[in-house]
Amino acid sequence: MTTARNRAIDRIRRDRTLTSKTALLELEAKREPATVSTHLNLDEMDDAMISDERLELVFTCCHPALALDAQVALTLRTLGGLTTEEIARAFLVPEPTMAKRLTRAKAKIKAAGIPFRVPPAHLLPDRLAAVLAVVYLIFNEGYGGRGDLAAEAIRLGRAFAELMPDEPEVHGLLALMLLNDSRRDARFSDGTVVLLRDQDRSLWDTVQIADGKAVLERALALGGRGPYVLQAAIASLHVDEPQDWPQIAALYGELARATSSPVVELNRAAALAEAGEAEAALALVDGLELESYHYFHATRAELLRRLDRDDEARAAYDRALSLVHSDAERRFLEQRVAELANRSAGDPADAS
């Protein structure tokens with residue numbers, strides 16, 4: 001059945017391509033002859049070339065001849081609408097480092113003469129990890145306040161799930177995006193980030209939450225236990241009331257073992273703190289190497305604040321402010337610093 005479905009997808013794609021190319025040839029026949037390149041110009045590509053074929057182009061750019069991080073970075077730059085600076089932040093590297101990676105990737109494509117074309121259906125799984133990462137990072141950039149990018153990532157996720165209906169990680173990613181995006185209207189107030197525990201639940205999109213949970217059930221039914229399914233399971237627990245913080249921390253632990261990601265460990269520390277283990281959470285955070293990541297310093301500041309180590313908390317908040325890029329998150333951190341100053345001054349109005 002899988003082979004038959006893949007062949008059918010391939011046949012449909014060939015027929016659609018033939019139709020579109022025939023129309024183009026008829027148009028070109030009315031013009032002067034021109035040399036047609038079989039390669040995409042990665043420097044000149046713009047959104048006008050993409051239209052509703054964006055997902056196919058993502059698969060096209062995620063060529064396995066490139067290293068995985070290069071595939072993802074190049075696709076984000078070429079098709080995702082992200083700047084080099086934004087991509088560098090996503091990879092937690094300096095902007096010049098990312099610029100060099102992009103340059104090397106383009107040079108390799110040119111030197112090797114890599115043809116950029118949509119792979120046949122049976123080769124799509126070879127590019128699965130890179131395409132998942134691209135869509136995920138586009139959503140993450142949008143989650144910080146760019147609703148257009150978040151909406152585009154969800155649209156790509158839905159198309160992806162239709163294209164590869166038996167891949168649990170594809171459904172896991174879609175569920176993760178739907179569940180997180182369902183809280184979009186409650187995440188910001190007066191230009192400032194609102195923490196999950198302080199959000200107005202009446203602003204949450206309950207229909208989208210139900211949709212996300214249903215997609216997660218599909219992923220689990222397919223035997224999914226990969227990183228995106230685990231993250232979707234965590235996001236599902238976040239919208240429950242009350243939240244099961246010990247279970248959330250346990251799932252972050254499983255995710256950390258699967259990914260070896262210090263950012264996941266940072267999230268696990270935050271969950272441990274919510275479960276009442278602030279000392280253990282701080283010990284975990286202090287063992288991470290995320291010096292250039294503003295969430296690291298913001299999380300550490302919050303833990304120090306909870307442990308009444310105000311001077312150290314203030315220094316950590318200052319470091320987070322020096323690294324933050326989002327205006328909404330900057331205002332939130334500034335509020336935290338002000339609350340800390342009020343507490344140090346013995347202001348009884350401070351209820352933090």
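Contact here means heavy atoms within 4.5 Å. The model is predicted: local features need pLDDT of at least 70, side-chain atom pairs count only at pLDDT 80 or more, and totals for chains, interfaces and linings use all residues. Residues are numbered from 1 along each chain as its sequence is written, and side-chain values use heavy atoms, with hydrogens and water left out.

The chain has 16 helices and two strands; these are DSSP runs numbered from the N terminus, with helices being H or I of at least four residues and strands being E of at least two. Of the 352 residues in the chain, 45% are buried. Buried means under 20% relative accessible area, exposed means over 50%, and partly exposed is in between, with a 1.4 Å probe and protein chains only. Among contacts between residues at least 6 apart in sequence, 61% join residues at least 24 apart.

The axes of helix α3 (residues 68-78) and helix α5 (residues 95-112) come within 9 Å and cross at roughly 95°. Axes are lines fitted to C-alpha atoms, for helices over the stretch in contact, and the angles run from 0 to 180 degrees between N-to-C directions. The two helices α3 and α5 are therefore roughly perpendicular to each other. On this scale, angles under 35 degrees count as roughly parallel, over 145 as roughly antiparallel, 65 to 115 as roughly perpendicular and the rest as oblique. On the α3 side the contact is made by D69, A70, A73, L74 and R77, and on the α5 side by M98, R101, L102, A105, K106 and I109. The residues of this contact divide into seven nonpolar, no polar and four charged. Ala, Val, Leu, Ile, Met, Phe, Trp, Tyr, Cys and Pro count as nonpolar, Asp, Glu, Lys and Arg as charged, and the others, Gly among them, as polar.

A70, found in helix α3, counts as buried at 16% relative accessibility. A70 and R104 are 34 residues apart in sequence, and their C-alpha atoms are 8.7 Å apart in space. T84 is found in helix α4 (residues 84-91) and is buried, with a relative accessible area of 16%. Leaving aside neighbours within four places in sequence, T84 is in contact with R77, E95, M98, A99 and L102.

Helix α6 also holds G142, which counts as buried at 5% relative accessibility. Leaving aside neighbours within four places in sequence, G142 is in contact with G147, L149 and A150. Between G142 and D181 the C-alpha separation is 9.5 Å, across 39 residues of sequence.

Aromatic rings come next. Rings of Phe, Tyr and Trp (its six-membered ring) pair if their centres lie within 6.5 Å; planes under 30 degrees apart count as stacked, over 60 as edge-to-face and the rest as tilted. By this rule the count comes to three aromatic pairs. In one of them, Y136 and Y228 have ring centres 5.4 Å apart and planes at 80°, so the pair is edge-to-face. Y136 lies in helix α6 (residues 128-143) and Y228 in helix α10 (residues 227-238), so the pair ties together parts that are 92 residues apart in sequence. Y228 is buried, with a relative accessible area of 12%.

The peptide bond from E241 to P242 is cis, with omega near 0°, and P242 lies in the loop between α10 and α11 (245-259). S260, in the loop between α11 and α12, has phi near 55°, a positive value in a residue other than glycine. At 64% relative accessibility, S260 counts as exposed. D308 is found in the loop between α14 (294-306) and α15 (310-323). Phi of D308 is near 60°, again a positive value in a residue other than glycine, and D308 counts as exposed at 59% relative accessibility.

Helix α12 (residues 262-274) contains A270, which counts as partly exposed at 30% relative accessibility. The C-alpha atoms of A270 and L282, twelve residues apart along the chain, are separated by 8.9 Å.
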